[in-house]
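Dear colleague,

Please find the structure below, handed over for your records. My findings follow it.

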Amino acid sequence: MGWQPRRHRLTPTDPEDADGRAEILSRALLPALSLVAFVVVLCAPRMYLWPMVLLLAERPLRRVLAAAGHPSAPD
């Protein structure tokens, strides 16, 4: 089980690798937002599917994470 994710770059090979951690965080962003939207829909059913708008925040959050992962990037 540990070999498969490393081969496909799903986990960083070095636990201290900041780029690898940022990549994992970036890949986990959409499933995490989906889970949050699902829980909000379950807790507040009168909102219908409006919490799915949270999924639109994925791209801006991914950019923020990418910028945070590379402190030498120009502003």
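Leu49 counts as exposed because its relative accessibility is 60% (buried means under 20% relative accessible area, exposed over 50%, partly exposed in between, with a 1.4 Å probe and protein chains only). This is a predicted model, in which local features need pLDDT of at least 70 and side-chain atom pairs count only at pLDDT 80 or more, while totals for chains, interfaces and linings use all residues. Residues are numbered from 1 along each chain as its sequence is written, and side-chain values use heavy atoms, with hydrogens and water left out.

The chain contains three helices and zero strands (DSSP runs, numbered from the N terminus: helices are H or I of at least four residues, strands E of at least two). Leu49 sits in the loop that lies between helix H2 (18–43) and helix H3 (58–69).

Glu58, by contrast, belongs to helix H3 and counts as buried, because its relative accessibility is 16%. Its side chain makes a polar contact of 2.3 Å with the side chain of Arg62 (a pair of N or O atoms within 3.5 Å; within protein, one must be able to donate a hydrogen and the other to accept it, and residues adjacent in sequence count only if both atoms are side-chain atoms). Apart from neighbours within four places in sequence, Glu58 is in contact with Leu29, Leu30 and Leu33 (heavy atoms within 4.5 Å).

Of the 75 residues in the chain, 11% are buried.

Yours sincerely
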